[in-house]
Amino acid sequence: MSGFTKSLYIWAAALMLAPLPAQAAGDLLVAPTRVVLDGARGTEVILNNVGAEPATYRISLELRRMTTDGKLDEVTKEEANALEQAALSMIRYAPRRITLAPNQPQAIRIGVRPPEGLADGEYRAHMLFRAIPKARPVAPQAGEAQGLSIALTPIYGVTIPVIIRKGQLQASAAIANGRVVTDQYGAAFAFDLSRRGDKSTYGEIRVTKPGLDEPLLVARGIAVYAEVDARAVKLPVPPEIARQLTGPVKIEYFEASSAGGGLIASVQTVLK
Amino acid sequence: MFNKAKFLTAGSAVLAAALVSTSANAATANADARATILEQITVTKTSDLDFGTVVVGATGGNVALSSADGSVSCDAALVCSGTTTAAAFDVTGTAGETVDITVDPSVNLVSGGNSMTASLSGSDASLVLAGGDSFTVGGTLAVAANQAAGDYVGNFDVTVEYQ
């Protein structure tokens with residue numbers, strides 16, 4: 001038996017805080033939500049079945065490419081470029097399929113085996129955690145002679161980035177063109193975030209207005225990946241915040257606190 | 001073993017995982033204990049996407065299910081009945097964390113040798129988590145003239161993505 005399976009996890013806080021009503025098979029908890037590896041040492045990610053029934057989960061490595069509007073586009077293994085293929089081939093993880101009873105956590109071990117002479121740079125894949133849906137009964141129901149009955153099953157999951165860095169990598173960023181926009185999803189605060197260097201930037205956006213103690217808007221987990229030089233960031237805001245986003249504001253981009261929390265970029269601007 | 005493992009994130013997270021090392025002589029009082037705070041994400045489904053029951057005539061039509069409130073607008077050529085719901089999901093995680101939501105643009109529904117297609121749309125493309133967050137998925141079902149009766153089933157992917 002391995003050291004991992006022998007070890008005991010205590011989930012006091014997580015279990016008490018997990019929302020309990022209306023649970024369905026396939027509900028899941030994943031922690032942490034981002035993995036950065038910069039050495040031979042691996043890590044692990046916790047997957048917990050927070051549903052009410054046993055569920056089988058599949059864990060896979062996927063590729064995503066950031067677009068200039070900040071979306072993560074799916075990339076098939078056939079379309080993968082050299083950097084993406086290198087990421088897929090050096091990330092080791094297990095298990096890849098696991099059946100969990102309700103509230104049973106499982107550690108997914110992640111390791112890196114960089115090939116000899118790997119070039120300096122940032123390599124990335126996205127780990128997808130998703131429940132395999134149970135087979136539906138095939139027997140048609142009686143009645144509904146002329147009707148169509150429709151059963152659509154969502155297969156839902158979570159992806160988190162797994163990033164491998166080798167060598168001394170640098171990046172800087174700049175913010176421009178802050179604006180309030182409205183799209184089909186409602187009001188949003190948008191701006192352009194540009195990046196230079198050989199790695200991604202990642203951190204927290206804070207929008208503050210002179211005279212107000214609290215930031216109007218805080219959004220963590222904003223990345224500009226190395227495949228794009230600039231992206232638009234569009235953050236949904238409630239109408240009452242959108243109304244306050246006028247006049248002079250300061251937009252700041254900080255590193256995540258776990259990475260030092262330093263200021264990456266900052267701009268003072270006047271919103272229309 | 002575990003004392004080599006190092007977790008990356010600390011901060012105002014909700015999840016506390018305490019790791020207690022056990023060994024062959026676990027009865028002794030001498031055990032390592034560590035606590036690590038991890039950022040976590042929980043996704044729970046609270047409702048399925050349900051177009052209800054549709055009765056077809058000689059002409060086809062569309063059944064549009066709003067992602068906003070699960071209400072249905074049914075073309076005059078069709079008769080729609082039964083309860084309809086948009087698919088709905090709750091997302092919990094660290095406050096202020098940004099997640100993107102991707103939904104398959106369409107889904108193929110199959111009943112034996114018959115099929116039809118529904119386009120899908122989510123209520124949100126991204127969320128900045130503030131506690132009690134959720135999103136829904138609705139869509140438009142295209143029903144052909146004389147679409148064969150039956151129980152149509154289909155799967156579609158919904159993914160909550162961290163950048």
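**Terms and their grounds**

Q: What makes up the secondary structure of chain B, and what is called a strand?
A: Chain B has zero helices and 14 strands, where a strand is a DSSP run of E with at least two residues, a helix is a run of H or I with at least four, and both are numbered from the N terminus. This is a predicted model, in which local features need pLDDT of at least 70 and side-chain atom pairs count only at pLDDT 80 or more, while totals for chains, interfaces and linings use all residues. Residues are numbered from 1 along each chain as its sequence is written, and chains are lettered from A and ligands numbered from 1 in the order in which they are written.

Q: How do you know how confident the predictor is in chain B?
A: On the pLDDT scale, the predictor's confidence in each residue from 0 to 100, chain B has a mean of 81, and 77% of its residues reach 70 or more. Over residues 1-27 of chain B the pLDDT is below 50. For the complex, the predictor gives an ipTM of 0.86 and a pTM of 0.83.

Q: What share of chain B is called buried?
A: Of the 163 residues in chain B, 44% are buried, a residue being buried if 20 or more other C-beta atoms, placed from the backbone, lie within 10 Å of its own, exposed if 12 or fewer do, and partly exposed in between.

Q: Why are β12 and β16 of chain A said to stand at the edges of their sheet?
A: The open sheet of three strands in chain A has the order β12-β13-β16, with antiparallel pairing. β12 (171-183) and β16 (230-236) of chain A each have a single partner strand, so one side of each is left without a neighbour in the sheet.

Q: What are the domains of chain A, and how far apart do their C-alpha centres lie?
A: With bounds from an automatic or database domain assignment, chain A has domain 1 (22-133 + 156-166) and domain 2 (171-271), and their C-alpha centres lie 26 Å apart.

Conventions. Two strands pair if DSSP finds at least two bridges between them. Two residues are in contact if their C-beta atoms, placed from the backbone, lie within 7 Å.
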